[in-house]
Amino acid sequence: MATDERPNPVSRFFRRMFASEEEIEAEELQRDAAKVGCTPVCDVRRGELATVTGRLRTVVYTPRTTLPTLEAELYDGSDLVTLVWLGRRHIPGIQPGAAITAKGRIAVREKRKVIYNPYYELEAVT
């Protein structure tokens, strides 16, 4: 379903009746991203400066001998992007379930999209 389509009420009713919670959440996240003008994660490419929005699925602190990192997976309903803060152990508000908008240059590490040290804004939970 495209994010700018508005299905009729009967179609919407049956869609909600038979869709899984994950599918419904993904559609809502994609709709929210389109409303604020962010690029869907599935459309961003390596080297591109992108602004993405979604919810954090996981947040992991990785202690390393050279440089500790804080990594968070952002899901926008279309794909995942890993946000990596180098040299950080903890950032207040960066926790699973948090709504966030992040901006940075897309890199690819181990076939996964990554933004290193992104500029970010935590969104108010509604």
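This is a predicted model: local features need pLDDT of at least 70, side-chain atom pairs count only at pLDDT 80 or more; totals for chains, interfaces and linings use all residues.
**Confidence first.** For the chain, I get a mean pLDDT of 82, and 76% of the residues reach 70 or more.

**Lys113.** Next I went to strand S5, where Lys113 sits. Is Lys113 buried or exposed? I find 16% relative accessibility for Lys113, so I put it down as buried, the cut-off being under 20%.

Then I asked which backbone oxygens lie by the polar end of the Lys113 side chain. I noted the backbone oxygen of Val41 at 2.8 Å from a polar atom of that side chain. For Val44, I noted its backbone oxygen at 3.5 Å from a polar atom of the Lys113 side chain.

I also listed what Lys113 touches, leaving out residues up to four places away in sequence. Val41 and Val44 turn up again here, along with Cys42 and Arg45. I have Asp79, Leu80, Val81 and Thr82 on the list too, plus Ile106 and Ala107.

**Leu67 and the surface.** I moved on to Leu67, which I located in the loop between strand S1 (49-62) and strand S2 (69-75). Leu67 comes out at 37% relative accessibility, so I count it as partly exposed.

Conventions. Residues are numbered from 1 along each chain as its sequence is written. Side-chain values use heavy atoms; hydrogens and water are left out. Helices (H or I, at least four residues) and strands (E, at least two) are DSSP runs, numbered from the N terminus. Buried means under 20% relative accessible area, exposed over 50%, partly exposed in between (1.4 Å probe, protein chains only). pLDDT is the predictor's confidence in each residue, from 0 to 100. A polar contact is a pair of N or O atoms within 3.5 Å; within protein, one must be able to donate a hydrogen and the other to accept it, and residues adjacent in sequence count only if both atoms are side-chain atoms. Contact means heavy atoms within 4.5 Å.
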